[in-house]
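Please keep the sequence and the 3D view at hand while reading.

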Amino acid sequence: MSETHSPDVRDRYGYALCGLGPAGCGFLLHAIREGAIGRLAESGLVLIDRSATPGVGKVGQYQLTGNSLSRAFLDCFDDPKLTWLFDGLEPSVPSIAELRAIEFEAPPLDVVGDFLTAMAQRTMAYLEKEYDIPILLETAVDTIQRRADGHYTLNLRDVGSGRHHDLDVENVLCSFGGRQGLDVLKDCEVQAGLKLGDHTQRLMSSDDFLMLSNDEIQRAVPITADGEVVVVGGSHSAMSTIDRLTDGLGPVGLRRIIMLHRGSLRLYYASVEEAERDRYVFDRELDICPMSGRVNRFGGLRYRSFDVARSILDTGKTPNQSIEVVSVPLHETQSDAVRRHLNQASAVIACLGYQANLPPVIDHWKREIGLQNTPRGLEIDDDGRALLADGQPLAGLFVYGIGSRLLKRSEAIGGERSFHGSADGVWIYQNHGGGVILNALRKTLTYGVDGTNPSSWGERHARIAN
Ligand SMILES: Cc1cc2nc3c(=O)[nH]c(=O)nc-3n(C[C@H](O)[C@H](O)[C@H](O)COP(=O)(O)OP(=O)(O)OC[C@H]3O[C@@H](n4cnc5c(N)ncnc54)[C@H](O)[C@@H]3O)c2cc1C
């Protein structure tokens, strides 16, 4: 496979961190703060990303205000344990002042993107200088091959030249982000026997839709007079999609959005008292996070998404009252009615979660290894390893970030019992999530790679949950 060889890169590494978006960089920041990065560097750590700008991933591309407070994004930057790392950076990065000015509001995600990029640049410079860690940017991982000896060969492609290069690693930490492939969405059943692909020509993923400007939305969704758009789902992405439809198509005549969703819309509250003041009905056993006392901490709609949901629940309209939103609970609605909505819609936008965006994972015969990469994420065991189709873990292959079902509610990261998804977000990648993956890698050091006990690593970070 190899055509060229980069001169600065060894042939063999203990750990490859592939994907330096918010999750990959969040893990690195956690490892630095916990004093674990030196141990990983000693074992041979290489960092790889397809883009030229680590840190931001996709989050800066969505045309949205975030679903976290500016304070949550700044938390790691302001952590006294990391003051030395970011010393002197603030005056040269305007996005930091922008975030501080709206500390207790949800910021625009492009501002967040600038800020995460600046933090990552500083972090990368430190890792390179202090530990000599190679950072391969504009380098795509094209395949991950598990060899007969249990190690992995990463086939890397230089994005500029197209040249390939193989790397031998013992453990791969994949944080390639998520994917909402149309092939997968078409096969999704909204009700038994009712596949999205069978009933609409105009199917879009929320991931693609949320990156469009208003002009692009108007070109992508040509509505007719009295046209309807169907949104499938009731998550943050669904509320953001309704918001963007309002901005993009409200001025050109969209009057109705049909929201097909399972279950009720769940709202987030910072405390039980806040939820009670708002007369929100919730289950005291199932909906309160025992770690933080928050209501629907992982599964609840926050900030702008909260406002959109609240408006739909209270008035049946978008927050500016311009567009009717018809809520269609799938478990209570006849399939004929659902089919009619899908057939009539000018567009159907599916907000249905993310698969892991892994490149092909192949065996030593170059046959694809089947992983449990479901439409709602890749299944992972408690030690962070990807699960094979037969339920066994694939040793040495860890998957983190959006599209991975690693961060399920647990004693380590908290979360309400009614939450059955996987937690995502910049703060959790830098905090409890980073701790989960660090502990998983710690086991490979203890038992797998060289038998030494990495007890010098810091204990799990126990800051109070966002
Ligand atoms: C619409 C939306 C809004 C969100 N808003 C918020 C928010 O307000 N607050 C919040 O905390 N979280 C938010 N999130 C959740 C989460 O923080 C983001 O989705 C975040 O971008 C996920 O980070 P990631 O690193 O897992 O993936 P990504 O951001 O997708 O990053 C993946 C990285 O992997 C690299 N990569 C991909 N493929 C390859 C390859 N083959 N080879 C090498 N490198 C590769 C990419 O270049 C990129 O750097 C939001 C998510 C969505 C979908």
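Helices, as the word is used here, are DSSP runs of H or I with at least four residues, and they are numbered from the N terminus. The model discussed below is a predicted one.

**The largest cavity**

With that convention in place, three helices can be named around the largest cavity: α1, α6 (109-131) and α15 (426-430) each contribute at least two residues to its lining. The largest share, 4 residues, is supplied by α1. The cavity itself has a volume of about 70 Å³, and the structure has 5 cavities of 30 Å³ or more in total. The lining is made up of G21, P22, C25, G26, L29, G55, L116, M119, A120, V426 and Q430. What classes of residue does the lining of the largest cavity have? Sorted by class, there are 7 nonpolar and 4 polar residues, while no charged residues take part.

**Surroundings of the ligand**

The ligand is surrounded by 32 residues, and the closest of these are D49, K58, N67, S68 and V426.

| Residue and part | Ligand atom | Distance |
|---|---|---|
| D49, side-chain N or O atom | oxygen | 2.7 Å |
| R50, backbone N or O atom | nitrogen | 3.0 Å |
| S68, polar side-chain atom | nitrogen | 2.8 Å |

**Salt bridges**

Side chains of opposite charge can pair when their charged atoms come close. The structure contains 29 salt bridges, and one of them is formed by the side chains of K81 and E34, with an N to O distance of 3.8 Å. Because K81 sits in the loop between α3 (70-74) and α4 (83-86), whereas E34 sits in the loop between α1 (22-33) and α2 (37-42), this pair ties together parts that are 47 residues apart in sequence. Are the two partners buried or exposed? K81, with a relative accessibility of 46%, counts as partly exposed, whereas E34 counts as buried because its relative accessibility is 5%.

A second salt bridge joins the side chains of R256 and E228, where the N to O distance is 2.9 Å. This pair connects distant parts of the chain, since R256 belongs to strand β12 (residues 256-261) and E228 to strand β11 (residues 228-232), 28 residues apart. E228 has a relative accessibility of 11% and therefore counts as buried.

The side chains of D363 and R367 also meet in a salt bridge, at 2.8 Å from N to O, and D363 is classed as buried because its relative accessibility is 13%. Besides these pairs, a network of salt bridges links R71, D78, E90, R100 and E103.

**An exposed loop residue**

A192 is found in the loop between β8 (189-191) and β9 (194-195). Is A192 buried or exposed? At a relative accessibility of 76%, A192 counts as exposed, because the cut-off for that class is over 50%.

Methods. Residues are numbered from 1 along each chain as its sequence is written. This is a predicted model: local features need pLDDT of at least 70, side-chain atom pairs count only at pLDDT 80 or more; totals for chains, interfaces and linings use all residues. Side-chain values use heavy atoms; hydrogens and water are left out. A salt bridge is a side-chain nitrogen of Lys or Arg within 4 Å of a carboxyl oxygen of Asp or Glu. Buried means under 20% relative accessible area, exposed over 50%, partly exposed in between (1.4 Å probe, protein chains only). On a 1 Å grid over the protein atoms alone, a cavity is a set of points where a 1.4 Å probe fits but cannot get out, and a pocket is an open set with protein on both sides within 12 Å along at least five of seven lines; lining residues have an atom within 4 Å of a point. Grid points are joined across faces, edges and corners, and a volume is the space filled by probe spheres set on the points. Ala, Val, Leu, Ile, Met, Phe, Trp, Tyr, Cys and Pro count as nonpolar, Asp, Glu, Lys and Arg as charged, and the others, Gly among them, as polar. A residue is near a molecule or strand if one of its heavy atoms lies within 4 Å of it. A polar contact is a pair of N or O atoms within 3.5 Å; within protein, one must be able to donate a hydrogen and the other to accept it, and residues adjacent in sequence count only if both atoms are side-chain atoms.
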